[in-house]
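Please keep the sequence and the structure in view while reading.

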Amino acid sequence: MTTDTDRPSPEALLRQAAQEGRGRLKIFLGAAPGVGKTFEMLSEGAERRRAGVDVVIGVVETHGRAETAALIRGQEIVPRRAVAYEGHAIDEMDLDAILARAPRLVLVDELAHTNAPGSRHPKRYQDVEELLAAGIDVYSTINIQHLESLNDIVASFTRVRVRETVPDSVLEQAEIEVVDIPPDELIERLKDGKVYLPHEATRALSHFFSKSNLSALRELALRRAAQSVDAQMLEHVRALGVGGTWAGGERIVVAINELPGADGLVRAAKRVADGLHGPWTALFIETPRTAHFTDEQHRRVAAAMTLATQLGAVVATVPAASVVEGIRGFVDHARATQLVVGKSRRSRWFELLHGSVVDGLIRETAGVTVHVLPMEEEARGRARDWRRGRTGWGAPSGYAITAGLIVVITALASALFHVLNLGNVALLYLLPVMVAASLFGLRTGLFAGIVSSLAYNFFFLPPVGTFSVNNPENLISIFVLLGVAIATSQLTSRVRAQADLASASARTNATLAGFLRQLSSVNDPAEAARMICEDVSRVFDVQTLLLGPMAGAGLTVQAASNPAYRLDTMDLAAANWAFDNGSSAGKGSGTLAASEWLFTPLKAGERTLAVMGVARDDAGDPVRADQLPLLTSLIDQSALVLERLRLETEMRDVDAVRTRDRLRAALLSSVSHDFRTPLTAVIAAADAMDHGATPELIATVKSEAARLNRFVGNLLDMARVEAGALKLNVEATDLSDAVAGASHDARRALDGHDLLLDVPPDLPLVRVDPHLLHHCLLNLLDNAGRYGDPGTPIVIEGRHHYGQLRLSIIDLGPGLPPGREAEVFETFRRIEGSDRAIGGTGLGLAIVKAFAEAMGMTVEASNRGDDTGAAFTLVFPTNLIVRTAAPESAI
Amino acid sequence: MPAKILVVDDEIAIRKLFRNTLERAGYAVVDAMDGRAALAVAAAEAPSAILLDLGLPDRDGLSLIPLLRLNGDAVILVVSARDATDEKVAALDLGADDFVSKPFDTEELLARLRVALRHRGVSETTQRVVRKGDLTIDLDRRLVCRDGAELHLTRKEHDVLAVLARHVGRVVTHDRIIAAAWGGDEDARIEYLRIVIRNLRQKLEYPGPVGSVIANELGVGYRLRGDS
């Protein structure tokens with residue numbers, strides 16, 4: 001039985017397809033330094049070499065160990081490249097040299113290594129990525145503590161935090177071989193001095209090499225390797241469509257916050273996701289509070305989001321009035337099953353006042369497993385910072401107005417006291433409290449509440465004139481006044497915040513919508529590129545560039561917000577890298593960050609169409625972290641538009657090629673037929689002349705040669721039209737002159753027809769190219785001579801009326817197929833259905849049309865009114881007619 | 001002694017054809033296949049006429065015209081497959097006497113050659129009375145007669161006809177006609193010339209076909225047909 005789950009998963013097949021053509025990565029994973037990873041890697045490399053594989057060493061650290069050095073001997077090593085950094089040279093793996101050498105397999109030690117500043121990639125694993133992408137197999141080594149998602153765990157028990165980490169995704173695509181020795185043996189080797197340790201770190205590391213630490217690390221390494229086998233197995237199962245059981249349907253959401261340790265949250269979520277084999281999403285909830293984040297907090301959120309992307313998560317930013325509301329909405333929508341959140345160690349007082357996010361979440365998201373991680377609270381100074389920014393003390397004018405209001409109310413209440421009771425007076429005092437709280441915020445509202453209750457107490461509560469209260473019931477009025485102040489100010493501030501958020505989100509949507517509307521109406525790629533640049537530049541207030549591939553010239557600037565901008569070598573390298581690798585490069589990214597520009601690829605599917613560069617004039621970070629999602633949307637939409645335009649162009653090109661091919665085929669057949677026929681006649685006639693030249697033979701040679709000459713002329717003319725090389729030499733031309741010249745030159749083609757000229761001598765001059773007009777007339781006469789019945793006359797008729805000048809060539813013959821008159825002007829069209837074989841390339845009338853239109857004239861084909869032949873008419877519109885009557889003296 | 005003709009063409013078939021045709025017509029023929037040879041032969045043989053192809057292997061035929069002009073009084077007839085009007089005008093302006101387009105009508109070529117040789121060495125005919133069929137054009141007296149009856153021409157018609165008659169049988173470019181007939185009149189335009197020619201034809205050709213007396217060279221100029 002076949003069920004849905006038995007079918008191969010398309011995603012898994014896609015991933016497999018993406019792997020094809022890529023090199024394979026094998027990682028020698030160790031629990032700690034000294035387990036013999038490098039040795040193992042070199043041995044296996046040497047073995048492959050013996051098996052005939054083209055192996056080179058990209059980079060290997062022997063740390064002076066003799067056994068290791070012995071293994072290197074006799075192997076090909078790509079020399080390292082010296083990178084100058086702060087006055088001294090650092091040797092780094094020469095990525096370009098290896099790419100140029102293009103071996104089958106390259107050995108690259110220490111995958112987690114950080115490259116010297118100024119290298120192409122900050123990290124060696126990125127170099128390895130590029131090698132893999134180039135189809136080169138890579139062997140590499142890594143210790144378990146360098147793995148991104150295990151970073152926190154390792155630090156928690158070894159108390160050594162490793163800065164050089166490698167994303168888990170690198171390991172996921174690799175075959176893993178664990179190089180394992182028991183902890184005791186490793187400690188033994190350490191004591192024998194067989195383990196290389198950097199001198200300065202010896203003390204810290206001796207703690208690291210305790211037996212318990214090594215056991216824990218070993219367990220981590222073995223578990224990680226097992227997990228990876230598990231994952232690869234699952235991938236295999238999914239690709240084959242083999243039914244199996246695995247924990248399906250789990251969806252993990254991690255809520256990112258702005259606190260220190262947000263990256264730890266992401267790594268924890270990654271572990272949960274790996275354990276459950278579920279897709280995971282990193283979610284950031286944008287609340288009104290987000291607007292008051294410090295730069296540090298923005299950076300933290302952005303870093304956590306980037307890390308999540310690197311670890312394989314989908315990222316989402318959702319605006320909402322509160323964190324709880326936003327998370328709940330997203331979790332519902334995404335049908336998440338696991339939620340990872342951080343809980344700050346806030347004071348009890350704070351939680352009582354604001355409520356705990358976690359408690360709220362647990363209450364509101366039933367059926368979702370919530371993982372809670374403790375997080376550090378923000379340093380205090382900073383925390384106060386934003387709180388002050390958020391509410392503030394309020395403007396002094398607010399207090400003055402409030403005080404004034406209270407004075408007015410007090411005066412009013414005193415004046416009316418004889419008709420009011422005490423309760424009504426208290427109600428009157430609500431007015432200034434509500435006004436102050438809603439207009440000037442919480443503090444001014446509280447001030448109003450306190451002052452009002454004091455005034456009420458002093459002026460109206462007995463004993464009047466003192467602040468003492470003898471009836472406890474009246475205390476209630478005071479509390480009510482204060483309570484109203486608090487409630488009103490909270491309510492209005494929330495409404496205001498929501499309105500702000502809504503308008504921000506509306507702005508974003510409006511930006512996107514406007515951008516799309518504009519772009520959708522564009523049909524020209526250059527125009528679209530210019531528009532994209534301008535819009536992005538306007539929205540983010542940055543300089544923008546759009547670079548696209550140009551045949552033979554590599555990546556070139558297609559549009560720019562400021563055309564004066566020039567890219568230097570570093571910028572171009574970043575742009576090219578972004579284009580070739582399909583991911584961001586330049587400032588603020590992980591690659592070639594020394595460039596002042598941030599280059600983001602515009603991708604449609606797997607294909608990179610162009611690269612957008614953004615930079616700030618003051619050389620700051622091009623785009624604020626909180627604006628990145630909007631930039632990403634704009635770029636994605638731009639990519640779609642460019643792809644649409646590209647496909648349209650491709651379609652047009654295909655059409656043009658098809659038309660050209662059709663024309664070429666028609667041309668070849670017509671040339672071979674129409675040229676060989678007269679040539680055959682000429683050759684045959686010349687042969688016959690061996691026995692004496694008769695007038696008929698001579699006439700045949702002459703007329704056939706003339707025909708050949710006409711074909712050549714037409715082909716040349718057509719080539720000129722097609723090449724767009726038609727040059728007009730317009731001059732005032734006398735039509736009677738033109739007709740006389742054409743009928744003289746066409747006299748041979750008109751053999752057997754009388755030519756009747758009906759061109760009045762007083763027709764006005766026309767402004768045309770005399771040569772082109774001559775060729776038009778020749779072709780029309782030639783056509784009439786061929787299709788007119790033998791012996792019938794051909795009429796040339798010139799008429800001037802209604803401001804137009806019409807010159808018609810009329811024959812007596814079969815005429816044109818009714819309803820298809822216009823078709824005769826198509827290239828290589830000859831009237832079908834005629835029982836006479838009539839020579840001609842079918843180019844003549846197409847040339848007439850092209851020439852006539854080039855001169856601003858039109859040509860019409862019709863049948864004579866009595867259906868006894870065809871009439872072709874050249875129409876000279878009013879603007880071609882020369883009006884100037886020459887002065888008497890001039891002529 | 002027959003007049004000597006120099007044929008300059010890079011195609012041996014064309015040279016052979018010219019040699020046949022011209023020798024049959026009673027001329028002596030020498031030939032050259034490129035520009036350098038043409039200059040050498042022209043200097044050594046001092047031909048009466050040169051038939052010059054413009055597409056030569058070593059240099060542009062146009063550049064040869066002033067050199068040939070400088071080193072002799074041969075009549076130069078350009079025979080070329082190129083049919084760009086501005087090239088024809090350039091050839092005439094550089095000093096060529098006439099041009100014939102390939103492929104050409106042999107009889108027409110011989111007729112042009114005869115006319116050119118007749119006026120060899122003089123840029124204008126010294127004849128003061130030009131006869132063409134039943135027309136008589138008296139240049140000095142500004143009289144045009146047909147069958148002895150005087151035709152009435154306007155001043156401009158006279159001027160235009162006079163410049164054509166002085167170069168009878170040869171093409172005169174639009175610019176030259178306009179310069180001769182309208183002089184420094186800046187307003188003078190080709191339209192005026194067209195109208196004048198049309199009127200002349202009405203008077204001189206009618207009822208014969210258009211172009212029987214004054215031939216039109218497309219985009220280049222006009223020619224008063226010579227008697228041949």
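In this predicted model, B:Leu224 counts as buried because it has 25 C-beta neighbours inside 10 Å, and 20 or more are required for that class. The residue B:Leu224 belongs to strand E12 of chain B, which covers residues 221–224. Leaving aside residues up to four places away in sequence, B:Leu224 touches B:Lys132, B:Leu164, B:Ala165, B:Val168, B:Val213 and B:Ile214. The C-alpha atoms of B:Leu224 and B:Leu161 are separated by 8.2 Å, although the two residues are 63 apart along the chain.

Chain B as a whole contains eight helices and 12 strands. Of its 228 residues, 40% are buried. Where contacts in chain B join residues at least 6 apart in sequence, 59% of them link residues at least 24 apart.

Strands of a sheet pair through backbone hydrogen bonds, either parallel or antiparallel. Five strands of chain A form an open sheet with mixed pairing, in the order E20-E22-E23-E25-E24. Strands E20 and E24 of chain A stand at the edges with a single partner strand each, so one side of each has no neighbour in the sheet. On average, neighbouring strands of this sheet are turned by 15 degrees against each other, direction ignored.

| Element | Residues |
|---|---|
| Strand E20(A) | residues 755–758 |
| Strand E23(A) | residues 804–810 |
| Strand E24(A) | residues 858–863 |
| Strand E25(A) | residues 870–876 |

Strands E23 and E25 of chain A run antiparallel and are joined by six bridges. A:Ile810 has A:Ala871 as its bridge partner in E25(A). Helix H27 of chain A, residues 844–854, lies across E24 and E25 of chain A and runs at about 140 degrees to E24(A).

Key:
Residues numbered from 1 in each chain as written. Chains lettered and ligands numbered in written order. Predicted model: local features only at pLDDT ≥ 70, side-chain atom pairs only at ≥ 80, totals over all residues. Helix = DSSP H or I, 4+ residues; strand = E, 2+ residues; numbered from the N terminus. Buried ≥ 20, exposed ≤ 12 C-beta atoms within 10 Å, placed from the backbone. Contact = placed C-beta atoms within 7 Å. Pairing = 2+ DSSP bridges. Axes fitted to C-alpha atoms, helices over the stretch in contact; angles between N-to-C directions.
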